[in-house]
Amino acid sequence: MLGTLSTPELSSLLALSPSIDQIGTLERIARIQARSIKGAAKLQGLRMALSMIDLTTLEGKDTPAKVRQLCYKAQHLHDQAPDLPTVAAVCVYPTMVGVAKKALGASGIKVASVSTAFPSGQAPFEVKKLDTLYALDNGADEIDMVISRGRFLAGDYQFVYDEIAAIKALCGVARLKVIFETGELDSLDQVRKISDLAIAAGADFIKTSTGKIQPAATFPVVHTMLGAIKDHFDKTGQMIGMKPAGGISSSKLALQHLLMVKEVLGEAWLTNEWYRFGASSLANDLLMQYQKQLTGKYQSAAYFSID
Amino acid sequence: MSNSTWNLVPSLESVAQVQIKPQYELFIDGKWQAPLSASYFATVNPADEKHLAQIAQANAADVDLAVKAARAAYDNVWSQLSGAERGKYLFRIARLMQEKARELAVLETLDGGKPIRESRDIDIPLACNHFFYYAGWADKLQEAFPGQQMEALGVAGQITPWNFPLLMLAWKVAPALACGNTVVLKPAETTSLTALKFAEICQEAGLPAGVVNIVTGYGDTGAALVAHPNVDKIAFTGSTAVGKQIQKACIGTSKKVTLELGGKSANIILEDAPIDQAVEGIINSIFFNQGHVCCAGSRLFVQESIAEQVLDKLKFRLQSIYVGNPLDKNTDIGAINSKKQLETIEKYLSIGLAEGAEIYQPECTLPSQGFYCKPTIFTDVAQSARIAQEEIFGPVLTIQTFRTMEEVVQKANNSPYGLAAGVWTANGARIFGLSSQLQAGVVWANTYNKFDPASPFGGYKESGFGREGGRHGLSAYLQFKN
């Protein structure tokens, strides 16, 4: 069914997207946030969160050296703490994919590349394809594409659908994450609609944001996207991954997000195969809390490397 | 990283800051007085059946003393104060309750079995807010009823239930005092402790002696209060059966009566509803406070086209409902309030099975001590089934489907009760269309079990009469001169 929906078919699919009640969503989230994640559950959660990070650098001033440094951190989060997991992936611009691929070697850590004229997506479709192919040719394991928000908001769903389906076709074995930039979408109803559309078009993961626009991975937005993943799974048995990105910088938030995944989707999603955090500063806070859980003491931030 | 289970570990609220006395006396005329009855009864923690305290059992003579104290306080002190002065006392009480919120929450959970999350986040904050709200009305009664002259009724006898002990006390005491009445309160026998703590707060607030009196005991204590000739008003929240007795007892007397009684409220989900939020609404409507809620949405009506999906989602949602120790901050459903109530619920579970309904309960391990009931869903329920007609007052939901609006309105209204209803739809016109046809005192749209001091609450039909809360709640404690 990949990329094969006609306009009427797509319309009837999107007509099935349920409406999302903002207030009810906030209440549900409040219930999750009121939970107390302590002791062994906290330790396990922190390890899980560390293993789900897409360690990210997406700046104009990125250098090969910085990317190599990040790749080292990805494999050695905090060598002072024994038996830590590694992160899931390193996420970079297409021009840095080759550098990252080499630096990560056989570590098993994936290289994710943003593409399709990240972050705005404001480029002709041919350019977006070339962008993606460049990343894939350099060895990207995962493609984080952005959607054309302008076309989506204009109601041109077929355009957005076709674009995602075409990039998916290029990806081959690489997994495709589709970034919605929810901070530019108007409502949770829109978030739900784009989630259903992207999943139908072949997204392996759906992702909230580029990290360049605020608000980014808010709880209501992530909750709405998880709902779309759950409904798709209930209907088809196919799992889709979730990647909140932007704004989740503390352990507390990360643990609450994981609990939301557990309660909304179930424990099958609690692995980095199906869940990722797009983050740069989260890792150190997780490490700090992890050490606190182990030793009972907070260590100075100076003990954790900034990469 | 491979899949593994990730389970929360118990996170118990501390009970260290709560002082429970071994024995409580009656609170009459601003003092703790040993009961003339010389008898006491035990209150237990329903979560583990452990003894908490001995409570004085007031007899008719004790009630008489309390009414005399309330009458004297009314004549000599309270009726002489300006509204602004009464308001000051109420504000002071509200602030003291807020300061002691944590202690009150733990006490409520220990004595009644409700999850600490609810007593901490809902019961106690709402109770405080009721006092703040009515404190504000105390000097504005003229503005509440413009152009009318009014005065207090006198002595109000108030009987509160065990499901929201302190909150129901606040619903009754705050408006009564704001309007200038004095009070004799009889809390439910299984949950007296927060009312007795409230008596300490009244002392600490310097409330004049006799303005609030608390007589603990069983139904006969309440009956003595209802029968007392010097009581001007009876406000009761509890079962419809007892409400009817009270109504009969007050016929031919000058007592004014308001009754908040039982319910079998309909929660209606239309096919265009925001479905995940509606499922959460079901959880909030029937599993809030173990289903010990008079306005619980115990009858669920789902439009046929989405019924299967709603049921599947509901069953999945129930897997992340934690049932167990009420002091655990992660507990969603705590202990059933008493052995007697657990027996009632279990009786209805058997009735449901005998009636041929299909039962669903999620997998969960209940504590071995204490009174617990799994959240329960009955499907294939007939409108004439007893489980769909009678109030169970537990975490038990019946589900019926419907096709047309006409059908669901008829089924929803086909009940002797009429307390509340819920309507779930993304279509605004349907909200207004349905809510205007439902015979219920409260109709929630796209939410359920929302309470606010500014919002009146009360029932149609056998769910009672009179309104508590809001400006309406004042008129239950005033008489008007025109």
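## Helix packing in chain A

In this predicted model, the axes of helix α10 (residues 219-236) of chain A and helix α11 (residues 251-264) of chain A come within 10 Å and cross at roughly 30 degrees. Because angles under 35 degrees count as roughly parallel, α10(A) is described as roughly parallel to α11(A), and the crossing in which α10(A) passes α11(A) is right-handed. On the α10(A) side the contact involves V222(A), H223(A), L226(A), G227(A) and K230(A), which meet H257(A), M260(A), V261(A) and V264(A) in α11(A). Sorted by class, the residues of this contact comprise five nonpolar, three polar and one charged.

From α6(A) the contact draws on F125(A), K129(A), T132(A), L133(A) and L136(A), while α8(A) contributes E163(A), A166(A), I167(A), L170(A) and C171(A). In the contact of α6(A) with α8(A), seven residues are nonpolar, one is polar and two are charged.

## Backbone features in the loops of chain A

Most residues other than glycine have a negative phi, and most peptide bonds are trans. Against that background, two cis peptide bonds and one positive phi angle can be pointed out in chain A. F118(A) and P119(A) are joined by a cis peptide bond with omega of about 0 degrees, and P119(A) belongs to the loop between β3 (110-115) and α6 of chain A. The peptide bond from Q214(A) to P215(A) is likewise cis, with omega near -5 degrees, and P215(A) is located in the loop between β6 (205-207) and α10 of chain A.

D83(A), a residue other than glycine, has a positive phi, near 60 degrees. The loop that holds D83(A) runs between α4 (64-75) and β2 (89-92) of chain A.

## Domains of chain B

The domain assignment divides chain B into domain 1 (23-261 + 463-481) and domain 2 (266-453), and the C-alpha centres of these two domains of chain B lie 30 Å apart. Between them, 22 residues of domain 1 of chain B are in contact with 25 residues of domain 2 of chain B. On the side of domain 1 that touches domain 2, the elements giving two or more residues are α3 (101-112) and α4 (116-137) of chain B, and α4(B) gives the most, with seven residues. That side of domain 1 of chain B has, by class, seven nonpolar, nine polar and six charged residues.

## The contact between the chains

Across the chain interface, 24 residues of chain B are in contact with 31 residues of chain A. The elements of chain B that give two or more residues to this side are α4 and α10 (275-286), with α10(B) supplying the largest share, five residues. By class, the side of chain B that touches chain A consists of seven nonpolar, eleven polar and six charged residues.

## Confidence of the prediction

For chain B the mean pLDDT is 97, and 99% of its residues reach 70 or more. For the complex, the predictor gives an ipTM of 0.95 and a pTM of 0.96. Where pLDDT is low, the predicted coordinates should not be read in detail.

Technical notes: Residues numbered from 1 in each chain as written. Chains lettered and ligands numbered in written order. Predicted model: local features only at pLDDT ≥ 70, side-chain atom pairs only at ≥ 80, totals over all residues. Domains from an automatic or database assignment. Contact = placed C-beta atoms within 7 Å. Helix = DSSP H or I, 4+ residues; strand = E, 2+ residues; numbered from the N terminus. Nonpolar A, V, L, I, M, F, W, Y, C, P; charged D, E, K, R; others polar. pLDDT = per-residue confidence, 0-100. Axes fitted to C-alpha atoms, helices over the stretch in contact; angles between N-to-C directions. Parallel < 35°, antiparallel > 145°, perpendicular 65-115°, else oblique. Left-handed = near helix turned anticlockwise from the far one by under 90°.
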